[in-house]
Amino acid sequence: MKKIRLAVVGATGLVGRTVLKVLEEKKLPIDEYVLFASKNSSGKKLRFMDKDYIVQELNDLSFDSGFDYAIFSAGGKVAKKYAPIASSKGCIVVDNSSAFRMDNDVPLVVPEVNPEEIKNNHGIIANPNCSTIQAVVALKPLDAKYKIKRIVYSTYQAVSGAGRNGVLDLQNGIIDYMQKFSEFSQNQNSNALSNDLNFSSAKLNYELPKFNYPIFSNCLPHIDVFLDNGYTKEEEKMINETRKILKRPDLKITATAVRVPVFNAHSESINVEFENDFDLTELKNILSSAPGIVLQDDIEKCIYPLAINASGHDNVFVGRVRRDYSVDYGINFWVVADNIRKGAASNAVQIVKKMLKEC
Ligand SMILES: NC(=O)c1ccc[n+]([C@@H]2O[C@H](COP(=O)([O-])OP(=O)(O)OC[C@H]3O[C@@H](n4cnc5c(N)ncnc54)[C@H](OP(=O)(O)O)[C@@H]3O)[C@@H](O)[C@H]2O)c1
C-alpha cells in the first residue's frame, strides 16, 4: 500500500508547533512526516510522536521526494513561493496564510461550515483568518435559519495571533513592570502597588519586536496594515472571508479588530441583524446543537466564554446571546476560541483528516 506523507512547513513557529501537537492528538493515518522551517532552524531537533525530528530548510527541491499533503504555517511570502511548487508535484497544500484565501480557484474551508468545498481544490486549500473561523462557525447555522442581513464585528485578539514576536512583546512588558514593581517594593519597604500607572510608550525601556506600541496594559486598534479606506487588512479579511465562506458575496459587514493584552484565544463581540424574526430560546438551541459550538450562556451564574478557558481547546465557545432592541430582528453575542488551535492548526488538521477519509 502507498505510504501517506505529510510535510509541516513552519514547524518551529507558534502555529506549526501546535500543528504537531494536534497531529499527535488526532493520530491520523499518516505514515511519514517531514518538518520544514527557515534556514535559521535547519538541523534543529523537535520532539514529535515520541521521536526526535530534524527540521529541514525549505527549498525549491523540498517537495521532489513526493508528499500527499502539506500544512503550511510560514507566512504569505513562503506560501506564495512554495505552495505552487508543492501542488505542482501532486501535494495538496493547506495554507494558513492569507496568500490564496480570496483566489477564486482556492477553497476557503472551515470543516463545520463548508466541508463540501474541499473537493473543489486544485492543489491548494486556504485556512481562513483565525478571527473569521470562530465567527463563521457561529454565524453559519444562524444564517441558514434566519438569513443574516448585516454583521458588526468587534474583536479582542490575543497576542499569540501575531506569532512568537507578539507573545514576546507582552512578556517583555510584564517583565519590565515586574522589575519596576520589585524596585518600588524594595525602596518603599512595602508590598503596595506602584501608584505610577503611566506606561506611556515615550518612557519605554524594552524592545517591541512586533507591535508599534506596548501591548502591556494597552489595547491596539491596529492589526495588520492600514488600507486606503481607513480599515486594517485584518478587518478587511474578516469581511471578505466571511462573505466567501457563507457564500453571501453582498452581505453587509463591518469590523473593528483590536489587539488586547491576552496571551491566547480571541474574543469577539458580534452584532447580527436578521431578515427574519426569531425566538431567542430556539436561536440558542440552534447554536448549542451546531457542530463545533459550546454554548456557555447562563448570566445568573456568570457563565460566559472566557479566553483563559477556551485556550487549549478546539471548540468555539458562544455566550451572552441577547436580543438587540435597536433593530427589528437582531442579536448581540460573544464568541471565543483558541486562535492557534481552531483558528489555525486544528482547522488545518481537520481539513487533512477529511481528505484522508475520502481517499
Ligand atoms: N498565530 C495565529 O493565531 C495564526 C492564526 C491563523 C493563521 N496564522 C498564520 O500562520 C502563519 C504562521 O504564523 P505563526 O504565528 O506560527 O508565526 P511564527 O510563530 O512567527 O512562525 C513562523 C514560522 O514560519 C517559518 N518560516 C519563516 N520564514 C521561512 C522560510 N523562508 N522558509 C520556511 N519557513 C519559514 C519560521 O521558521 P523559523 O523558526 O526557522 O524562523 C516559523 O516556523 C502565518 O501565515 C500567520 O498569518 C497565524
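Helix 1, strand 2 (32-37), helix 2 (75-88), helix 4 (163-188) and helix 8 each supply at least two of its residues. Helices (H or I, at least four residues) and strands (E, at least two) are DSSP runs here, numbered from the N terminus. Bear in mind that this is a predicted model: local features need pLDDT of at least 70, side-chain atom pairs count only at pLDDT 80 or more, and totals for chains, interfaces and linings use all residues. Residues are numbered from 1 along each chain as its sequence is written.

How many residues surround the ligand? There are 29, and the closest are Gly-13, Val-15, Ser-38, Ser-41 and Gly-163. A residue counts as near a molecule or strand if its C-beta atom, placed from the backbone, lies within 6 Å of it. By class, the shell has 11 nonpolar, 17 polar and 1 charged residues. Nonpolar covers Ala, Val, Leu, Ile, Met, Phe, Trp, Tyr, Cys and Pro; charged covers Asp, Glu, Lys and Arg; the others, Gly among them, are polar.

Next, helix packing. Two packed helices are described by the angle between their axes and the distance between the axes. Helix 1 (residues 14-26) and helix 8 (residues 341-358) pack at about 45 degrees, with axes 9 Å apart. Axes are lines fitted to C-alpha atoms, for helices over the stretch in contact, and angles run from 0 to 180 degrees between N-to-C directions. Helix 1 and helix 8 are therefore oblique to each other. On this scale, under 35 degrees is roughly parallel, over 145 roughly antiparallel, 65 to 115 roughly perpendicular and the rest oblique. Helix 1 makes the contact through residues including Val-15, Val-19 and Leu-23, and helix 8 through residues including Ala-344, Ala-348 and Val-349. The contact divides into 8 nonpolar, 2 polar and 3 charged residues.

The axes of helix 3 (residues 130-146) and helix 5 (residues 233-246) come within 10 Å and cross at roughly 40 degrees. That makes helix 3 oblique to helix 5. This crossing is right-handed.

Last, the domains. An automatic or database assignment gives domain 1 (5-127 + 344-358), domain 2 (132-158 + 219-339) and domain 3 (165-203). The centres of domain 1 and domain 2, taken over C-alpha atoms, are separated by 27 Å. Contact, meaning C-beta atoms placed from the backbone within 7 Å, joins 11 residues of domain 1 to 13 residues of domain 2.

Key. Contact = placed C-beta atoms within 7 Å. Left-handed = near helix turned anticlockwise from the far one by under 90°.
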